Each structure stands twice: as C-alpha cells, then as structure tokens.
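This briefing is for a reader meeting the structure for the first time. Please look over the sequence and the model before reading on.

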Amino acid sequence: MEKYKSIEEYLKASDLTREDMKDLILRSSLDLLGDCAHNFEGDAAMTERVAQPLIFFNDILDNVK
C-alpha cells in the first residue's frame, strides 16, 4: 500500500477533488446513519459513535491544506 505525504497528494493520485471526497463522505454518512438509526433500538449514542470518524474526516478535509 502506497503512503502519501498529504491529503492533496492522495486525492490527486486517486483522481478526486476535496469536494468529491466530501460528497462521498456525506452520502456514506447519510446511508450509514439511516441504517444505524433502525438497528440500535433507538440508542442515539451508538449511532453518534459510528458517525464520528466520518465527521472527523470531513473536518480534516475542510481545515487541513
């Protein structure tokens, strides 16, 4: 597995833009949260824990050069 020095380098090698990646995260998050909401017996804490890594990654894409 190749290691990249930056998010930009990774995105360029993957032929993606930040906006592409953010759109993928958003769509994945909505799908994941929709499924989780029905599978954890109404316990919002579990759904929040499942979503947290995607929220962090989205924030990284917004705030890191």
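The points below go from the overall fold to single residues.

This is a predicted model, in which local features need pLDDT of at least 70 and side-chain atom pairs count only at pLDDT 80 or more, while totals for chains, interfaces and linings use all residues. Residues are numbered from 1 along each chain as its sequence is written, and side-chain values use heavy atoms, with hydrogens and water left out.

**Overall fold**

- The protein has three helices and zero strands; helices (H or I, at least four residues) and strands (E, at least two) are DSSP runs, numbered from the N terminus.
- Along the sequence the pattern reads α-α-α.
- The radius of gyration is 14 Å, well over the 11 Å that the globule rule gives for 65 residues, so the protein is more spread out than a compact globule. This radius is taken over C-alpha atoms, and the rule is 2.2 Å times the number of residues to the power 0.38.
- The C-alpha trace spans about 40 × 25 × 15 Å along its principal axes.

**Surface and contacts**

- Of the 65 residues, 15% count as buried. Buried means under 20% relative accessible area, exposed means over 50%, and partly exposed is in between (1.4 Å probe, protein chains only).
- The accessible surface comes to about 5,300 Å², and 56% of that belongs to carbon and sulfur atoms. Areas come from the Shrake-Rupley method with a 1.4 Å probe, and for residues only the protein chains shown count as cover.
- Among contacts between residues at least 6 apart in sequence, 47% join residues at least 24 apart; contact means heavy atoms within 4.5 Å.

- Glu 2 is placed in the segment before H1 and counts as exposed, at 56% relative accessibility.
- Glu 9 lies in helix H1 and is partly exposed, at 31% relative accessibility.
- Leaving aside neighbours within four places in sequence, Glu 9 is in contact with Lys 3 and Tyr 4.
- Glu 9 and Ile 55 are 46 residues apart in sequence, and their C-alpha atoms are 21 Å apart in space.

**The aromatic pair**

- The structure holds one aromatic pair. Tyr 4 and Tyr 10 form this pair, which is edge-to-face, at 5.4 Å centre to centre and 80° between the planes.
- Rings of Phe, Tyr and Trp (its six-membered ring) pair if their centres lie within 6.5 Å; planes under 30 degrees apart count as stacked, over 60 as edge-to-face and the rest as tilted.
- Tyr 4 is partly exposed, with a relative accessible area of 30%, and Tyr 10 is also partly exposed, at 37%.

- Asp 15 lies in the loop between helix H1 (7-13) and helix H2 (18-39).
- Phi of Asp 15 is near 60°, a positive value in a residue other than glycine. Most residues other than glycine have a negative phi.
- Asp 15 counts as exposed, at 70% relative accessibility.

- Lys 22 lies in helix H2 and counts as buried, at 17% relative accessibility.
- Apart from neighbours within four places in sequence, Lys 22 is in contact with Asn 58, Leu 61 and Asp 62.
- Lys 22 and Leu 61 are 39 residues apart in sequence and 7.4 Å apart in space, C-alpha to C-alpha.
- Helix H3 (residues 44-63) has 20 residues and reaches 27 Å from its first C-alpha to its last, close to the expected 28 Å. The expected span is 1.5 Å times one less than the number of residues.
- H3 bends by about 40° at Ala 51, and Pro 53 follows within four residues. The bend is the angle between axes fitted to the seven residues ending there and the seven starting there.
- The buried residues of H3 are Thr 47, Ala 51 and Leu 61.
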